[in-house]
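Take a look at the structure below. The report that follows walks through it site by site.

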Amino acid sequence: MRTMTRALLGWVLVAAAAAAHAQVEARAAWVRGTVQGQTTAGAYMELTSGQRASLLGAESPAARSAEIHEMKMEGNVMRMRAVPRLELPPGKTVELKPGGYHMMLVDLKRPLKKGDLVPIRLKVELSDKTLKTIQVMAEVRDLAAAGGH
Ligand SMILES: [Cu+2]
């Protein structure tokens with residue numbers, strides 16, 4: 001009986017540790033403000049996963065769609081293009097920031113003003129192929145806002 005209790009307790013502890021380990025966190029999320037007529041906005045944040053995971057995309061009620069973008073030099077020109085997924089190596093913080101990987105809100109439903117809060121739901125695939133949704137609230141910053149720090 002005692003052995004069984006101990007075994008059970010051990011299992012519970014392992015399960016709790018695994019759950020904490022599997023966590024994907026999104027921090028410091030913000031969106032660049034827009035001017036009238038602008039239909040896209042960059043969204044930036046810091047992502048940390050306890051295990052190998054991939055960001056597959058996102059959705060937001062503020063936009064028709066959201067894409068993961070990569071910035072790349074082509075000759076002398078910085079261009080951005082959509083990528084299907086972004087790897088999140090375990091224990092490493094991946095920064096979505098101006099000039100680097102970022103989230104693009106496409107076909108905005110209205111202009112985004114400084115101080116507004118934009119809900120973004122991130123779609124993350126864990127290493128065992130399970131899908132996880134992470135809800136973040138991104139604060140709208142000035143159109144001229146620079147880097148994330
Ligand atoms: Cu972009």
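S54 sits in strand β3, which spans residues 53-59. The model is a predicted one. S54 counts as buried because its relative accessibility is 4%, and the cut-off for buried is under 20%. Its side chain makes a polar contact of 3.0 Å with the side chain of R85.

What else does S54 touch, beyond residues up to four places away in sequence? The contacts are R85, L86, E87, L88, K123, V124 and E125.

S49 belongs to strand β2, residues 40-49. With 2% relative accessibility, S49 is buried. A polar atom of its side chain lies 2.5 Å from the backbone oxygen of Q51.

Neighbours within four places in sequence are set aside here. S49 then contacts Q23, V24, L88, P89, P90, G91 and K92.

## The copper site

Which protein atoms hold the copper ion as donors? They are ND1 of H69, SD of M80, NE2 of H102 and SD of M104. These donors lie 2.1 to 2.4 Å from the copper ion. The four donor atoms make angles of 101 to 124°, and the site is tetrahedral. For four tetrahedral donors, the ideal angle at a metal is 109.5 degrees.

Along the chain, the donors of the copper ion follow the spacing H-x10-M-x21-H-x1-M. M80 is in strand β5 (residues 77-83) and H102 is in strand β8 (residues 102-108), so this pair ties together parts that are 22 residues apart in sequence. H102 is buried, at 3% relative accessibility.

## The nonpolar core

How many residues make up the largest nonpolar core? It has 32. The residues with the most contacts inside it are V31, L55, M103, L112, V118, I120 and L122. Strand β9 gives the largest share of this core, with five residues. In soluble globular proteins, nonpolar side chains tend to be buried together.

V118 gives a view of the surroundings. Leaving out residues up to four places away in sequence, V118 touches V31, S60, A62, L105, L112, V136, M137, A138 and V140. Among these, V31 and L112 are also listed with the most contacts inside the core.

## Salt bridges

The structure has nine salt bridges. One of them joins the side chains of R27 and E25, with an N to O distance of 3.7 Å. R27 is partly exposed at 31% relative accessibility. E25 is partly exposed too, with a relative accessible area of 42%.

Another salt bridge links E59 and R121, whose closest N and O atoms are 2.7 Å apart. E59 lies in strand β3 and R121 in strand β9, so the pair ties together parts that are 62 residues apart in sequence. E59 counts as partly exposed, at 37% relative accessibility. R121 is partly exposed as well, with a relative accessible area of 36%.

K129 lies in the loop between β9 (117-126) and β10 (131-141). K129 forms a salt bridge with E125, and the closest N and O atoms are 3.9 Å apart. Are the two partners buried or exposed? E125 is buried, at 13% relative accessibility. K129 is exposed, at 58%. Salt bridges with shared partners join R85, E87, E125 and K129 into one network.

K129 and A53 are 76 residues apart in sequence, yet their C-alpha atoms are 8.7 Å apart in space.

## Positive phi angles

K129 has a positive phi of about 75°, although it is not a glycine. A28 is not a glycine either, and its phi is positive at about 50°. A28 is placed in strand β1, residues 24-32, whereas K129 is in a loop.

How values were computed. Residues are numbered from 1 along each chain as its sequence is written. This is a predicted model: local features need pLDDT of at least 70, side-chain atom pairs count only at pLDDT 80 or more; totals for chains, interfaces and linings use all residues. Side-chain values use heavy atoms; hydrogens and water are left out. Helices (H or I, at least four residues) and strands (E, at least two) are DSSP runs, numbered from the N terminus. Buried means under 20% relative accessible area, exposed over 50%, partly exposed in between (1.4 Å probe, protein chains only). A polar contact is a pair of N or O atoms within 3.5 Å; within protein, one must be able to donate a hydrogen and the other to accept it, and residues adjacent in sequence count only if both atoms are side-chain atoms. Contact means heavy atoms within 4.5 Å. Donors are N, O and S atoms within 2.8 Å of the metal (3.2 Å for Na, K and Ca); water is not among the atoms, so sites may look incomplete. Four donors count as tetrahedral if all angles lie between 85 and 135 degrees; four count as square planar and six as octahedral if opposite donors are over 155 degrees apart and all others between 65 and 115; anything else is irregular. A nonpolar core is a set of buried Ala, Val, Leu, Ile, Met, Phe, Trp, Tyr and Cys residues joined through side-chain atoms within 4.5 Å. A salt bridge is a side-chain nitrogen of Lys or Arg within 4 Å of a carboxyl oxygen of Asp or Glu.
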